[in-house]
Amino acid sequence: MKRYLFLFLIITCYLVSCTEAERPVIATDNVPPGPVSNVEVTNIPGGAILKYQLPEDEDLLYVKAYYSLKEGVKSEVRASLYSDTLTILGFGTEDERTVEIVAVDRSRNESPVVTATIKPLEAPIVTIGNTLRVIPDFGGVHLFWDNINRNEISIILEELDNNSEYNPIEIFYSSMSAGDVASRGMDTLPKLFRAYVQDRWENKSIPIEATISPLFEEEFNHLKFKALLLSGDEPDAWGWTLPNAFDGNLGTGFHTANNSGRWPQTISFDLNLTGKISRIKIWQRQEDWEFRHGNLKRFEIWGTNDGEHMNDWSVWTKMMECESIKPSGLPLGQLSDEDRAAVAAGEEFTCSPDFPAVRYLRLKAIETWSGGDFFHFMEIKVFGQTQ
């Protein structure tokens, strides 16, 4: 027994000694590294790129730059020893600024400061803010903007209250290249609105103001919609019938058959009232099916009042060409939180007020996210002015 205990102690001591020997020893000193050199500045929108030559110190750890985004508040950005470039972002104006660049070694010694002067180009919030528009819409206002570089921004919409103060009524977060959103649920009284662009550093564009009278709008009673099966329409499959798309339940939906060989496919329904269409909302199939499979990517909405000749396409008017836009722009099968939020809220497609009031609608599926010959969706709602 003692022999086994003695052997165990010898093995344990050996393993411990090996472990201790293999631990890396990091030497510390008080010698600062050399400074970076040959700094080159490339100014970019809202910031600058600094390219430099690293010092030759063997214990170099990283390089950092100090700068001020706000008066009296220092910010910092770092780059590892494997990079010779620092990118600085977050400036809201084009003023000249001084950046301090410091090399740091493994003992946390800092090199002498090297300064560089930068002059950021026009900030994204300014460029995007110059394209921002606010116009009247059914039940509210509509906002449009261009964001070619897909910067992460927020659009703040405010309304003037009775105390002559602006209060935020909606904030839209987006990185879409072409912004197109609406704020609804308003009466038709004229209101003074203000809107501006803001980035994650809280830089703001110059606000735009507009007095707008929202157009009257109401939601059509989807529980009164009736499914139609006209000549050439696609029947349902898998028990996902068309009335499911009118029941107000996102857990049930409509689905056409796979591999039918017919494309494009159409479905038709009766609104059970006559009205001018302002917009429709469609909910995709979710639970990781967003922006893929048979969810609609491109489709058309046609309308008519002729209840006697509905099988004749000549009595139908194309009222809307709709395209589903994936906010993130990520490849098929990849989703961002913004993508999921857009689907959960329902995709909205607007109709020109120039079209007459109609009673019957027809949806023609042109393309799905999978490119197949079947399509599905969970719910559809129609808005406008009833007659």
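Me: How do the residues of the lining of the largest cavity divide into nonpolar, polar and charged?

Reply: On a 1 Å grid over the protein atoms alone, a cavity is a set of points where a 1.4 Å probe fits but cannot get out, and lining residues have an atom within 4 Å of a point. Ala, Val, Leu, Ile, Met, Phe, Trp, Tyr, Cys and Pro count as nonpolar, Asp, Glu, Lys and Arg as charged, and the others, Gly among them, as polar. Here the lining consists of Ile 282, Gln 284, Leu 296, Phe 299, Glu 347 and Phe 349. Sorted by class, that makes four nonpolar, one polar and one charged.

Me: What kind of model is this?

Reply: Residues are numbered from 1 along each chain as its sequence is written, and side-chain values use heavy atoms, with hydrogens and water left out. Local features need pLDDT of at least 70 and side-chain atom pairs count only at pLDDT 80 or more, while totals for chains, interfaces and linings use all residues, since this is a predicted model.

Me: Which strands each supply at least two residues of the lining of the largest cavity?

Reply: Helices (H or I, at least four residues) and strands (E, at least two) are DSSP runs, numbered from the N terminus. By the rule of 30 Å³ or more, the count is one cavity, and its space is about 30 Å³. Two or more of the lining residues come from each of strand E19 (296-304) and strand E21 (347-350).

Me: What is the radius of gyration of the chain?

Reply: The chain folds into three helices and 24 strands, and its C-alpha atoms fill a box of roughly 95 × 75 × 40 Å along the principal axes. The radius of gyration is taken over C-alpha atoms, and the globule rule is 2.2 Å times the number of residues to the power 0.38. A compact globule of 387 residues would come out near 21 Å, but this chain has 31 Å.

Me: What percentage of contacts between residues at least 6 apart in sequence join residues at least 24 apart?

Reply: Contact means heavy atoms within 4.5 Å. Among the chain's contacts between residues at least 6 apart in sequence, the share joining residues at least 24 apart is 68%.

Me: Which element gives the largest share of the lining of the largest pocket?

Reply: A pocket is an open set of grid points with protein on both sides within 12 Å along at least five of seven lines; points are joined across faces, edges and corners, and a volume is the space filled by probe spheres set on them. The largest pocket has about 1,300 Å³ and 43 lining residues, with Met 176, Asp 180, Val 181, Pro 327 and Ala 342 nearest its centre. Its contributors of at least two residues include strand E9 (140-146), strand E18 (265-283) and helix H3 (337-345). The largest share, five residues, belongs to E12.

Me: Which helix gives the most to the lining of the second largest pocket?

Reply: This pocket holds about 460 Å³. Of its 22 lining residues, Pro 45, Pro 124, Ile 128, Asn 149 and Asn 151 lie nearest the centre. With three residues (124-129 being its span), the element that gives the most is helix H2.

Me: Is Ser 164 buried or exposed?

Reply: Ser 164 sits in the loop between E10 and E11. Its phi is positive, about 60°, although Ser 164 is not a glycine. With a relative accessible area of 59%, Ser 164 is exposed.

Note on methods. Buried means under 20% relative accessible area, exposed over 50%, partly exposed in between (1.4 Å probe, protein chains only).
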